[in-house]
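Colleague: I would like to go through some labels on this model. Please set each value against its definition.
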Amino acid sequence: RRVCHSPPARHPAARHGFQNTMTSTRDQAVAARSASRQLQNLSSEKRAELLCAIADALELHEPAIMDANAEDITAAELANTDANLMNRLKMKPGKIAQLAEGARQIAGMPEPIARTLSKMEIADGLVLTQVTAPLGVLLIIFESRPDALPQIASLAIRSGNGLLLKGGKEAQRTNQALHRVIVDCFPKFGVGRDCIVLVEGREAVSDILKLNDVVDLVIPRGSNDLVSYIQNNTKIPVLGHADGVCHVLIDRDADLAMACRLAVDSKVDYPAACNALETLLVHTKHVESGAWFEQIKPALENAGVELFGGRRAAKTLSLPPCPALRHEYGRPALTVEIVDDLESAIEYIHANGSAHTDCIITDNQVTADAFLRRVDSACVFHNCSTRFSDGFRMGLGAEVGISTSRIHARGPVGVEGLLTTRWLLRGKGQYSDKDTAVAYTHKVLPTDEQWMYKAMGYVGLAVGLANAVHIGLSLYQWRKK
């Protein structure tokens, strides 16, 4: 872990009265772009130090943040807020420590900006390189999940992007406290506080969605209605998912004890999460053998899971019909359906899933490999909980969301998903003159990273030869004695 600089002096987080004083949403977006360039100009080490300072500040101001969250929860209860939203709103004990650890983990990642992806000699003395670069300014909209704010901010800082953040109104106090703690760390590093802007009001979002000349990407995290609204009301590229209808298939060759444990965890660990189990596919063998009634069903019911049936399971297993074959419950409930083989299971997933996360539980490696190869989802698992479909758990430090799109980024979107590429051409006075003044070579050159690996290989070979020679000489001398 990197050594973290001391955070700013403790303050009350000015958590309830913070109002953005920018005169317009365009001003906010332009200011975020300008400040993001200051962020990009920092060295990799300085951006990492900034993240460490934010991690320290989050831990230092945990009491103020949790007080703000408690006030949000009280207000939400008085407003009879939906139970699923309440579950997402509450920041549980240890959450701040986890968020701080995530920021430090992101700080310790290799430098993502200006990494050379390819290198080519176009002509003699004319060298072209393709390098990674920040996307620019991102609009992230998230509902009822204040813990998403520092995760998104950490990823944006490491990748050199500016941010416009719009959280749900039910988390307003918590978001303001978190935002203030984070941006208060910026001035010390020469970065404007406007690099991360907390947008207030629904009208402001409508205005920002029109700024396709200033904002580079929109990532909505929330309900189907939210994502659909964003997609239908902007020319800005949108990255995200509208549904989290995740499947678990208990194959004929599954270890049933493992299957019960993983099905329960996938559903109960966090029922409102987009990576929670929503449809359990059970091989017909387990119905005919009685394993469904003796093991699988009791395990789920004992965990408090309400069961509904698909078209076949509703009749065969005497379950109430599910609301729809493609349904995201967001609570301790799921749909059960019976399948005859792997083929029918994959067909069901493709017809009724959301291409988010799907898992097979089986001891048959051939079947598992076929499932992993053929299921066309962002995340496809074998013998593990769907809850591992998460940026922090996958070692990305955090995520700005999980994308089910097939363009740009897919699955948990970490630092890599917030980058694009640029082309850098270095010459010595070459010009084209209708291609008569240059002789093209188009020779692929090794990148610095490839040179490093090559050098390491040569070093390893040299060490191996030296050891072989040493052993040979030792044996020769031993035989002479």
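Colleague: What makes H2 and H5 a contact?
Modeller: Contact means heavy atoms within 4.5 Å. In this predicted model, Ala48, Leu51, Cys52, Ala55, Asp56, Leu58 and Glu59 in H2 meet Ile96, Ala97, Ala100, Ala103, Arg104, Ile106 and Ala107 in H5. By class, that contact has 11 nonpolar, no polar and three charged residues.

Colleague: Why is H2 called roughly antiparallel to H5?
Modeller: H2 (residues 44-60) and H5 (residues 95-107) pack at about 170°, with axes 8 Å apart. Angles over 145 degrees count as roughly antiparallel, so H2 is roughly antiparallel to H5.

Colleague: What makes Glu111 and Arg158 a salt bridge?
Modeller: The term needs a side-chain nitrogen of Lys or Arg within 4 Å of a carboxyl oxygen of Asp or Glu. Here the closest N and O atoms are 3.2 Å apart. Arg47, Glu111 and Arg158 are linked in a salt-bridge network.

Colleague: Why is Arg158 called buried?
Modeller: Buried means under 20% relative accessible area, exposed over 50%, partly exposed in between (1.4 Å probe, protein chains only). Arg158 is at 0%, so it counts as buried. Glu111 has 24%, so it is partly exposed.

Colleague: How do you know that Asp216 and Arg33 form a salt bridge?
Modeller: Their closest N and O atoms are 2.7 Å apart. The pair links distant parts of the chain, 183 residues apart.

Colleague: What limits apply?
Modeller: Residues are numbered from 1 along each chain as its sequence is written, and side-chain values use heavy atoms, leaving out hydrogens and water. Local features need pLDDT of at least 70, side-chain atom pairs count only at pLDDT 80 or more, and totals for chains, interfaces and linings use all residues.

Note on methods:
Axes are lines fitted to C-alpha atoms, for helices over the stretch in contact, and angles run from 0 to 180 degrees between N-to-C directions. Helices (H or I, at least four residues) and strands (E, at least two) are DSSP runs, numbered from the N terminus. Angles under 35 degrees count as roughly parallel, over 145 as roughly antiparallel, 65 to 115 as roughly perpendicular and the rest as oblique. Ala, Val, Leu, Ile, Met, Phe, Trp, Tyr, Cys and Pro count as nonpolar, Asp, Glu, Lys and Arg as charged, and the others, Gly among them, as polar.
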